[in-house]
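Subject: Structure handover

Hello,

Please find the structure you asked about below. My notes follow it.

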Amino acid sequence: MSNKSLVEEMQQVQLAIELIELGARLQVLETETDLSRARLIRLFKEIRGMSPPKGMLPFSTDWFITWLPNVHASLFYNIYRNLLEEQRCERMQAFVTAYRLYNEQVGIDQAEPVLALTRAWTLVRFFESDLLQLSTCNHCNGHFVAHAHTPDHDYVCGICMPPSRAGKTRKRREQDDADSVEQAALVQRAG
């Protein structure tokens, strides 16, 4: 028989439920809760109506450095860090709250979040493992995700100096192409 109290067990189940609802993978649940794998799988099936997805978790820090993921990762991590340091939240409480706040901010523009919960969790783990750091932009003074131990005295963020193809997603290019065809047709009819 386990010595764990019912309250502690209930808190673990509640955390697992919150994480599952936000899109956590089984590996995240196993790491962050004390619940058995079998119990987590049952809980996942009950909440999501399907078995948990299989496969490896993201493992490269490079994804967080590319332009759009960097902006989103930096937004999330700054919220998370503020909750930990300024609000004195516990680690997982800060994580769940930060991810909810991140989703709210991204949802304002009705955009799909770039940073899935599993990637956000991996980001936090990379910071805890000293694989990533926050670098301060020399132009806007914002704090952005960067590789750890990278000299950042001349750092300029991707918002202040976006790459030439920034924002040119396939959907945006297709819309721009359709707009161009429409404009050409209007010009041709007008002439």
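What does the accessible surface of the protein chain come to, and what percentage of it belongs to carbon and sulfur atoms? The surface is about 12300 Å², and carbon and sulfur atoms hold 51% of it; areas come from the Shrake-Rupley method with a 1.4 Å probe, and for residues only the protein chains shown count as cover.

This is a predicted model, in which local features need pLDDT of at least 70 and side-chain atom pairs count only at pLDDT 80 or more, while totals for chains, interfaces and linings use all residues. Residues are numbered from 1 along each chain as its sequence is written, and side-chain values use heavy atoms, leaving out hydrogens and water.

Fold: the protein chain has seven helices and two strands, in the order α-α-α-α-α-α-β-β-α from the N terminus. Helices (H or I, at least four residues) and strands (E, at least two) are DSSP runs, numbered from the N terminus. Of the 191 residues, 34% are buried (under 20% relative accessible area; exposed is over 50%, partly exposed in between; 1.4 Å probe, protein chains only).

Cysteines: the structure holds zero disulfides (pairs of cysteine sulfur atoms within 2.5 Å). The sulfur of C157 has its closest cysteine sulfur in C160, 3.6 Å away, which is too far for a bond. C157 is buried at 1% relative accessible area, and C89 is buried at 17%.

Backbone: R88, in the loop between α4 (67–85) and α5 (91–107), has a positive phi near 60 degrees although not a glycine. R88 is exposed, at 68%. D130, between α6 (117–128) and β1 (132–136), also has phi near 60 degrees and is partly exposed, at 44%.

Regards
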